[in-house]
Amino acid sequence: MQITLNLPDSLSQTETFNQNDWLREIAVALFEQERVSLSRASTIAVMDIMDFQKLLAERGICVHYDVADFEQDVEHLRDRGWL
């Protein structure tokens, strides 16, 4: 499997990346290349799903939302007692 990482232009080569930064970039790449779901990508990125969606929006990446994502959302809503 080959995964391409496109790092934001705002990052300079001298800027230090910590582990969470790398995980976030890997998660974005995996999601953008449709290798993982939105929920899984946010978990990889160690981010709340809403924060991960905001990150994608800031980068102009469209969210592809499938049945598995919907089912996970429904499950989360039930777990919180909202359904």
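This is a predicted model: local features need pLDDT of at least 70, side-chain atom pairs count only at pLDDT 80 or more; totals for chains, interfaces and linings use all residues.
Biologist: What percentage of the residues in the chain is buried?

Modeller: The chain exposes about 6100 Å² (Shrake-Rupley method with a 1.4 Å probe; for residues, only the protein chains shown count as cover), and carbon and sulfur atoms supply 50% of that area. Residues are called buried under 20% relative accessible area, exposed over 50% and partly exposed in between, again with a 1.4 Å probe and protein chains only. Of the 83 residues in the chain, the buried share is 25%.

Biologist: How are helix 1 and helix 3 oriented to each other?

Modeller: The axes of helix 1 (residues 19–32) and helix 3 (residues 49–58) come within 11 Å and cross at roughly 70°. Such axes are lines fitted to C-alpha atoms, for helices over the stretch in contact, and the angles run from 0 to 180 degrees between N-to-C directions. Angles under 35 degrees count as roughly parallel, over 145 as roughly antiparallel, 65 to 115 as roughly perpendicular and the rest as oblique. Helix 1 and helix 3 are therefore, relative to each other, roughly perpendicular.

Biologist: Which residues of helix 3 meet helix 1, and how many residues of this contact are charged?

Modeller: With contact meaning heavy atoms within 4.5 Å, Arg24, Ala27, Val28 and Phe31 in helix 1 meet Phe52, Leu55 and Leu56 in helix 3. Ala, Val, Leu, Ile, Met, Phe, Trp, Tyr, Cys and Pro count as nonpolar, Asp, Glu, Lys and Arg as charged, and the others, Gly among them, as polar. On that division the contact of helix 1 with helix 3 has six nonpolar residues and no polar ones, and the number of charged residues is one.

Biologist: What arc do the buried residues of helix 3 cover around the axis?

Modeller: The buried residues of helix 3 are Phe52, Leu55 and Leu56, and what covers them includes helix 1 and helix 2. The opposite face, turned away from this buried side, carries the exposed residues Ala57 and Glu58. An α-helix has 3.6 residues a turn, so residues three or four places apart point the same way. Phe52, Leu55 and Leu56 lie on the same side of helix 3 because the arc that they cover, taken from the directions from the helix axis to the C-beta atoms, is only 100°.

Biologist: Is Ser42 buried or exposed?

Modeller: Ser42 is found in helix 2 and, not counting residues up to four places away in sequence, touches Met47, Asp48, Ile49 and Phe52. Because its relative accessibility is 5%, Ser42 counts as buried.

Biologist: What is the relative accessible area of Val63?

Modeller: Val63 lies in the loop between helix 3 and helix 4 (67–79), where it touches Phe31, Leu38 and Leu56, not counting residues up to four places away in sequence. Val63 is partly exposed, with a relative accessible area of 36%.

Technical notes: Residues are numbered from 1 along each chain as its sequence is written. Side-chain values use heavy atoms; hydrogens and water are left out. Helices (H or I, at least four residues) and strands (E, at least two) are DSSP runs, numbered from the N terminus.
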